Amino acid sequence: MTKKRKRQEDFQKVKFKVGKKKPKLENATDTTFKTKAIQIPEQLKEDGVLPTQNRKLNIKDLLSQMHHYSPGVKHNALLGLKELLSQYPFVIDAHLSSIISEVAAVFTDKDSSVRGAAVHLLQFLASKIRAEQIAPFFPLVSAHLSSAMTHISEGIQEDSLKVLDVLLEAYPALLTDRSIILLKNFVELISHQQLSKRLKSRDKLSWMLSVNPNRRVTSQQWRLNVLTRLKKFLQAVVDGSSDTEDEGLQEQKDNSHSVRNPICISWKLHANNQQPIQLFESGGLRPKINSSFRLRSLTSVMDSAEKGLSSAENLKGFIEIIIPLLIECWIEASPAQSAPILGNLLESESQQLMQQVLSIIHLLWKLTKRHDETYKMELWLRMNYLVDFKHHFMRHFPYSLQDTVKHKKKDPCKSNRNCMKSSNNIDHLLLNLTLCDIMVSLASASTLQTDSGWLDMIRKFVTDTLQDGSKLNSKQVNRLLGVTWRLMQIQQNKVATEPLIKAVYTLYQQRNLLFPVRTLLLKFFSRVYQKEDLRTQRIRSRSKVLSRWLAGLPQQLALLGLRNPELSNQLIDIIHSAASRSNKELLQSLQATAARIYDPLEGTLVLLPAEAQRRLVQLVYFLPCLPASLLACLSRCCIMGRMSSDLAATLIGILHMRSSFAGWKCQVQDNSVSDVDYFSFLFSTLIGFSREELTSLQGIRGKPHISQTQLSPIRLYLTDLDQFLHHWAVTEVICHSLSTIPSQSQCFDILQTGICKYLVGLVVIPDSTAGSVLCAINKLLDQACIISENLHRFLASCCYSLLYFLLTIDREDAEHLQKRDMLWRSCISALALLPRLLRLMLQSLQVSRICREELPVVAQLLRLLMQHGQLRSHMITNEFLVQQIIKDIMTLKSGEVQEQWLTDLHYCFNIYLASHPQTPGPINTVY
């Protein structure tokens, strides 16, 4: 081998083939490595996947698409947001700020479909988001709304009204807080500024209506849309003010004689030191505690822009701008402009525009009355606008609606002419009433001669409308009565007011009036009566129509009954007010209707709720006379349980004050309650049952209603627990009234005569009646009283029947167990006060006539009587009778095993009676 070939073998070049992997070098570095997953703890993990809608987009994806340049993407994003938020409402709270800002930003979007979707989404969100939740973000919403209302594009302006509708419906208070900016936007929607040629400076700009031919609707229709929203906005401002009032009658107030609710004081709680007496600086609806500290008013630190229309300066400025524009709108829609031949007939669209104009002025007038200097504001309004209002508004008064014939498919509802007339009358009536309300607010008694022309037109219209007002609703009647009241205040002589009152009474007499209408009429008459009654006697001139209305109220109350409790309460309040003023006509009518009102079965008293019953009971005090028939009805009302025992106690107290035993030092009404009738009332109420009811009870036999013993001729009728407790509570009041009568002996004789005449001889007596009689005897008995033998025997029989009933009550009978303490106390008190009563009861215990089952009851009774401290001396006196009874019991039990009850009887006799020195012999000699 040569030297050259050997060198080639040492440095031989390796040839690589195509497609084969290059072999690794021997000195190549291994760069491979291994990894393992790291387990993150739960608290460090991010939240789960956000919920998505059908297109698998979550809230962040949808909100990001709101910034897309394509209208279709933004429209789909808004639809997806509504779908997502309806499925997952909790997302709203988590992303409220982003949702509100993104939705508000598209109020001014160029595409109408995007704006429409935004309005629908906003309407959906308004039903889900509360006012306090959206309040922090509402300035942003309001700013975007203002931007949309003042936008150059007509479509964006039109859609901004839809946004305004949603916000007014859901958040009126938040929207009215920024009233100054929004009111200016309303003005700019229908007008534009123009520099007055007479003014060289630009300090004052005049506004004039604008016409835009590029709009999809007519200029009149556009103004109607804007004014409709402005009216809603001002209504929200009025409703959100502190002194909210209803329209019409409720807003006319007389500050010098305002009606205030009294503070109810329970003197019983004060007398028992259960309630402290607190002195107030002034009474009425809002009593305030006297304090030297006063908080600074927040309005003092607010500028005029923040006050809004609550500032007199801001309100005047807005009125100066909007009233001329409204007058221009009226002139365009008035009949003289539309068709001179039609006179005062209006087309539908014109009538709607004129209605909105008057409604806005009416709301502005209401806002002017909220300020302190109301008189100055009314004077300023009259000075600036009365001439224009008379010239334009009253020129064709009253207005009516023109029926336009349209050739369309026949509609059964529209084909009915009566239906069309009804709707038309409602439309033009609201227009005329609003106009009347505005005009009468500018008149006063001092300007009566100047304004007599148009005031007579309004007075005639109001009178004619009231006389033919069967189809009026409550809103129209409220406006009518408000105008009527204002007319009566302007001209207060009887010649002018009597026709108005008569017209209102004509409407009041119509049947089938709606309840709100009837309520408004009652309030009106009540207010007129109170106003008339406040006049001095020298200048007072009673209205015959008003007297006739007052005289008919008690009869209406009796006929109404329970059909409408709320209306009955209103009638009672008016009757009570007039009765407290001693109105002669009403008191005579109330006296004639009292028997029907206080009928115990179907009278108004027993049908109405408790509060109304209390007011009716108080009316008894004002009745001129209380005959025996009426007292009988009142007694039945007390004992039937259809009114509470407290109310029955109040009624008994009122009758006591009307009686001759009340102790009046001054002269009271003659013959109001005779003594005989008063005692009959007390006795009937004490018995608790009528003569017919007691007669019907005589035929009842056996348990569970009768408790009977062979040792007493009287069987007890067991009353229900509620009836018993009510009767017992009334009995305590009756006993108190009887105890206040000066001659107790004569009172006791009357009570004794009544018991002997009506109760003695009865076989069945209610347990409550027996207990009530014993309670009354205990209350009236004194040393001068002489009790007849018949009454003694009757009371002895009652005592034993009651004691036997109490000792035989089952422990499971929880209802009758609650009677035990009251009946036991009355029986023991009677036996302690009348020793002869105890002796007669012991003499009646002839155990030979009873069955063996009753012997343990007699033995238990004797033990209890001997153990009682009040009866021990009387039992010692009658020791021989007790000893004889025990002998008879032992005779019947001879030859038998002595039971425990007999052993207890022996023990008690030996302890309490046999050990006494007066005892003739030990008890052991008996056996």
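**Figure 1. Residues of the largest nonpolar core.** In the largest nonpolar core, which has 273 residues, those that touch the most other members are Ile 323, Leu 364, Phe 389, Ile 458, Trp 549, Tyr 598 and Val 858. The biggest contribution to this core comes from helix α37 (residues 789-807), with 13 residues. A nonpolar core is a set of buried Ala, Val, Leu, Ile, Met, Phe, Trp, Tyr and Cys residues joined through side-chain atoms within 4.5 Å. Buried means under 20% relative accessible area, exposed means over 50%, and partly exposed lies in between (1.4 Å probe, protein chains only). Helices (H or I, at least four residues) and strands (E, at least two) are DSSP runs, numbered from the N terminus. This is a predicted model, in which local features need pLDDT of at least 70 and side-chain atom pairs count only at pLDDT 80 or more, while totals for chains, interfaces and linings use all residues. Residues are numbered from 1 along each chain as its sequence is written, and side-chain values use heavy atoms, with hydrogens and water left out.

**Figure 2. Contacts of Ile 458.** Contact means heavy atoms within 4.5 Å. Neighbours within four places in sequence are left aside here. The contacts of Ile 458 are then Met 394, Phe 397, Cys 436, Met 439, Val 440, Val 483 and Leu 487.

Figure 3. When neighbours within four places in sequence are left aside, Phe 233 is in contact with Leu 168, Leu 175, Thr 176, Ser 179, Leu 182, Leu 183 and Phe 186. Leu 183 and Phe 233 are 50 residues apart along the chain, and 8.8 Å separates their C-alpha atoms.

**Figure 4. The aromatic pair of Trp 330 and Tyr 399.** There are 22 aromatic pairs in the structure. The ring centres of Trp 330 and Tyr 399 are 5.7 Å apart and the planes stand at 80 degrees, so this pair is edge-to-face. Trp 330 belongs to helix α15 (residues 312-333), whereas Tyr 399 is in the loop between α18 (374-392) and β4 (400-401); the pair links distant parts of the chain, 69 residues apart. Trp 330 and Tyr 399 are both buried. Rings of Phe, Tyr and Trp (its six-membered ring) pair if their centres lie within 6.5 Å; planes under 30 degrees apart count as stacked, over 60 as edge-to-face and the rest as tilted.

**Figure 5. The aromatic pair of Phe 525 and Trp 549.** The rings of Phe 525 and Trp 549 are stacked, at 4.9 Å centre to centre and with 25 degrees between the planes. Phe 525 is in helix α24 (residues 515-533) and Trp 549 in helix α25 (residues 544-560), so the pair ties together parts 24 residues apart in sequence. Phe 525 is buried at 0% relative accessibility, and Trp 549 is buried at 1%.

**Figure 6. An aromatic cluster, and charges over rings.** One aromatic cluster is formed by Trp 330, Trp 365, Trp 380, Tyr 385, Phe 389, Phe 393 and Tyr 399. Over the ring of Trp 380 sits the charged end of Lys 316, 5.2 Å from the ring centre. Arg 518 has its charged end over the ring of Tyr 508, 5.0 Å from the centre. A charge sits over a ring if NZ of Lys or CZ of Arg is within 6 Å of the ring centre and within 35 degrees of the ring normal.

**Figure 7. Cys 775 and Cys 735.** A disulfide is a covalent bond between the sulfur atoms of two cysteines. Here a disulfide is counted as a pair of cysteine sulfur atoms within 2.5 Å, and the structure holds zero of them. The closest cysteine sulfur to that of Cys 775 is in Cys 735, at 3.9 Å, which is too far for a bond.

**Figure 8. An open sheet of three strands.** The strand order is β5-β6-β7, with mixed pairing. At the edges are β5 (706-707) and β7 (764-766), each of which pairs on one side only. Strand β6 (residues 715-717) pairs with β7 in the parallel sense over three bridges. Leu 716 has Ile 765 in β7 as its bridge partner. Two strands pair if DSSP finds at least two bridges between them.

Figure 9. Most residues other than glycine have a negative phi, and most peptide bonds are trans. The peptide bond joining Phe 397 and Pro 398 is cis, with omega about -5 degrees. Ser 582 is exposed, with a relative accessible area of 54%.
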